[in-house]
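Please work through the exercises below with the sequence and the model at hand. Each task is followed by a solution that goes step by step.

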Amino acid sequence: MTVYKPTHVPDRVILTWNGDPATSQAVTWRTATTVTKAVGQIALSESGPGHDPLTAKMRPVAEKVTTVAAKTEFLRSDLFEANYHSVSFTQLKPKTRYVYRVGDGSSWSEWFEFQTASDRPEPLRFIYFGDAQNEVKSHWSRVVRGAYSDMPKANFILHAGDLINRANADGEWGEWHQAAGWINGMVPVVATPGNHEYGAPPGTPAKVDAKADAAEPKKEARKGRLSVNWRPQFTLPENGLPGLEESVYHFDIQGVRVISLNSNERQEDQVPWLEQVLANNPNKWTVVTFHHPIYSTAKGRDNKKLRELWRPLLDKYTPDLILQGHDHTYGRSGVMREDNLITGARLRDEKGSVYVVSVSGPKMYNLEKEDWMQSSAADTQLYQLITIDGDTLHYEARTANGTLYDTFDLTKAPPAPEAPAEAPSGFGIGAWVAVGVVAAVIGLLAIRRVIRRAAA
């Protein structure tokens with residue numbers, strides 16, 4: 001395991017959101033504990049280096065950089081003590097390119113660039129990964145880099161849990177950050193925790209049992225607490241359930257509502273929150289992510305309790321995509337819900353959700369094919385590219401070497417035409433016909449009277 005020691009130079013720079021993606025951007029980074037005060041600097045993107053204060057000293061121009069003080073959080077990992085710093089850039093312009101850097105005033109990161117989201121529905125692109133988890137540096141790195149090369153203008157990257165294998169192993173988090181590298185500083189990360197993000201805090205005696213790890217498909221979610229690295233290294237929304245901040249949350253971006261649930265703990269408590277977020281949703285499209293699948297793809301696995309708790313709401317509000325991980329195989333449904341069979345296999349109508357389970361890392365389980373699967377794979381590392389444009393969602397799953405493996409389109413049906421105005425109560429078609437006949441007779445009689453008077 002490579003040891004990633006913190007220094008005075010910023011590392012593990014990563015973009016996330018904790019506010020409106022159209023007008024804000026959060027960034028988090030790590031340094032040694034000797035750096036106690038840190039800042040982020042942001043400026044509008046230009047065609048040259050005119051935003052850099054060093055350039056301004058050489059060729060005097062108006063100050064273009066805004067400096068924002070960072071919040072600093074101390075973290076003692078299993079290897080090091082470090083400071084994590086975070087800045088939220090706010091009052092940004094929608095659909096605008098910015099450059100930023102982070103540091104302490106003398107030691108800086110490079111200048112990164114990002115673009116804020118639009119404040120209205122527009123085409124949206126994002127990348128989705130199932131579990132990376134094992135051998136992240138050696139095997140997952142080509143997957144994340146390949147996905148970025150295929151979709152470099154992605155609005156965000158979504159991780160469905162188990163980013164690493166041991167929750168509080170700082171060396172594994174170092175591999176994860178190294179594998180994605182500067183991509184994390186350019187494309188916002190959206191992450192939901194998996195069971196491998198839960199474990200005993202550093203300093204707690206723990207025994208790593210390879211046999212137990214190999215038998216994991218037969219076990220329940222790992223016990224313990226959310227990784228001590230999770231909240232310091234991500235700055236995610238805190239609009240979810242109290243006590244589950246930055247793991248249960250939602251945000252809206254360009255006509256899409258994205259919802260993260262935490263399938264590891266307090267599953268029942270999340271039900272009323274989820275219903276509120278689904279019921280009061282002004283967006284045309286909805287994407288939900290959590291780690292443990294509603295419909296499992298690996299042999300010997302089933303999350304019956306979770307399905308019984310959450311599936312009724314998913315059936316009721318039918319979010320478009322349910323993106324999951326955990327099973328280290330691939331399975332993708334058609335549009336389905338639970339009206340017919342426990343698997344939903346017989347339902348292929350226009351109302352329901354598409355469920356996906358995927359894996360991006362090298363750890364593989366045995367696939368158990370079910371009727372609900374319209375596509376499936378074993379022993380295959382995958383990444384998913386998703387585009388939403390108007391009434392159409394386009395989905396592609398590609399293998400580690402970029403080969404297209406699975407694809408589908410979802411198209412929103414136009415709204416049903418309004419029903420014609422109903423007649424007043426008690427008046428059916430027959431009544432209106434009768435009224436018309438009477439009116440016609442009265443009219444004819446009146447005409448006859450007029451004709452007779454004229455003749456007289």
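**Exercise 1. Describe the overall make-up of the protein: how many helices and strands are there, and what share of the residues counts as buried?**

Solution. The secondary structure of this predicted model comprises nine helices and 23 strands. Turning to accessibility, 53% of the 456 residues count as buried. As for the contacts between residues at least 6 apart in sequence, 71% of them join residues at least 24 apart.

**Exercise 2. Locate Leu15, decide whether Leu15 is buried or exposed, and list its contacts beyond the sequence neighbourhood.**

Solution. Begin with the position: Leu15 belongs to strand 1, which covers residues 11-16. Next comes accessibility, where the relative accessible area of Leu15 is 0%, and because buried means under 20%, Leu15 is buried. Then leave aside the neighbours within four places in sequence; the contacts of Leu15 that remain are Gln25, Ala26, Val27, Tyr100, Phe114, Asn184, Gly185, Met186, Val187, Pro188 and Val189. For Val189, the separation along the chain is 174 residues, whereas its C-alpha atom and that of Leu15 are 6.1 Å apart.

**Exercise 3. Describe how helix 2 and helix 3 pack, and state which residues make the contact.**

Solution. Two packed helices are described by the angle between their axes and by the distance between those axes. For helix 2 (residues 136-150) and helix 3 (residues 170-180), the angle is about 35 degrees and the axes are 8 Å apart. The crossing of helix 2 with helix 3 is right-handed. On the side of helix 2, the contact is made by Val136, Lys137, Trp140, Ser141, Val144 and Arg145, and on the side of helix 3 by Glu175, Trp176, Gln178, Ala179 and Ala180. Sorted by class, this contact of helix 2 with helix 3 has six nonpolar, two polar and three charged residues.

Helix 3 is mostly covered, since ten of its eleven residues are buried; among them are Asp170, Trp173, Glu175 and Trp176. After helix 3 comes Gly181, which has a positive phi near 55 degrees.

**Exercise 4. Classify the ring pairs Trp230 with Phe234 and Tyr295 with Trp372 from their geometry.**

Solution. A pair of aromatic rings is described by the distance of the centres and the angle of the planes. With pairing taken as ring centres within 6.5 Å, the model has 20 aromatic pairs. In one of these, the ring centres of Trp230 and Phe234 are 4.9 Å apart and the planes stand at 70 degrees, so the pair is edge-to-face. Trp230 is buried at 0% relative accessibility, and Phe234 is buried at 1%. For Tyr295 and Trp372, the centres are 5.7 Å apart and the planes are at 45 degrees, so this pair is tilted.

Tyr295 lies in the loop between strand 16 (285-289) and helix 8 (304-317), and Trp372 in the loop between strand 19 (354-357) and strand 20 (373-377), so the pair ties together parts that are 77 residues apart in sequence. Tyr295 is buried, with a relative accessible area of 4%, and Trp372 is buried as well, at 2%.

Finally, Trp230 and Phe234 form one aromatic cluster together with Phe129, Trp140, Trp173 and Trp176.

**Exercise 5. Which rings do Arg101 and Lys412 lie over?**

Solution. Arg101 lies over the face of Trp108, at 3.9 Å from the ring centre. Lys412 lies over the face of Trp285, where the distance from the ring centre is 4.6 Å.

Note on methods. Residues are numbered from 1 along each chain as its sequence is written. This is a predicted model: local features need pLDDT of at least 70, side-chain atom pairs count only at pLDDT 80 or more; totals for chains, interfaces and linings use all residues. Side-chain values use heavy atoms; hydrogens and water are left out. Rings of Phe, Tyr and Trp (its six-membered ring) pair if their centres lie within 6.5 Å; planes under 30 degrees apart count as stacked, over 60 as edge-to-face and the rest as tilted. Buried means under 20% relative accessible area, exposed over 50%, partly exposed in between (1.4 Å probe, protein chains only). Helices (H or I, at least four residues) and strands (E, at least two) are DSSP runs, numbered from the N terminus. A charge sits over a ring if NZ of Lys or CZ of Arg is within 6 Å of the ring centre and within 35 degrees of the ring normal. Axes are lines fitted to C-alpha atoms, for helices over the stretch in contact, and angles run from 0 to 180 degrees between N-to-C directions. A crossing is left-handed if the near helix is turned anticlockwise from the far one by less than a right angle, and right-handed if clockwise. Contact means heavy atoms within 4.5 Å. Ala, Val, Leu, Ile, Met, Phe, Trp, Tyr, Cys and Pro count as nonpolar, Asp, Glu, Lys and Arg as charged, and the others, Gly among them, as polar.
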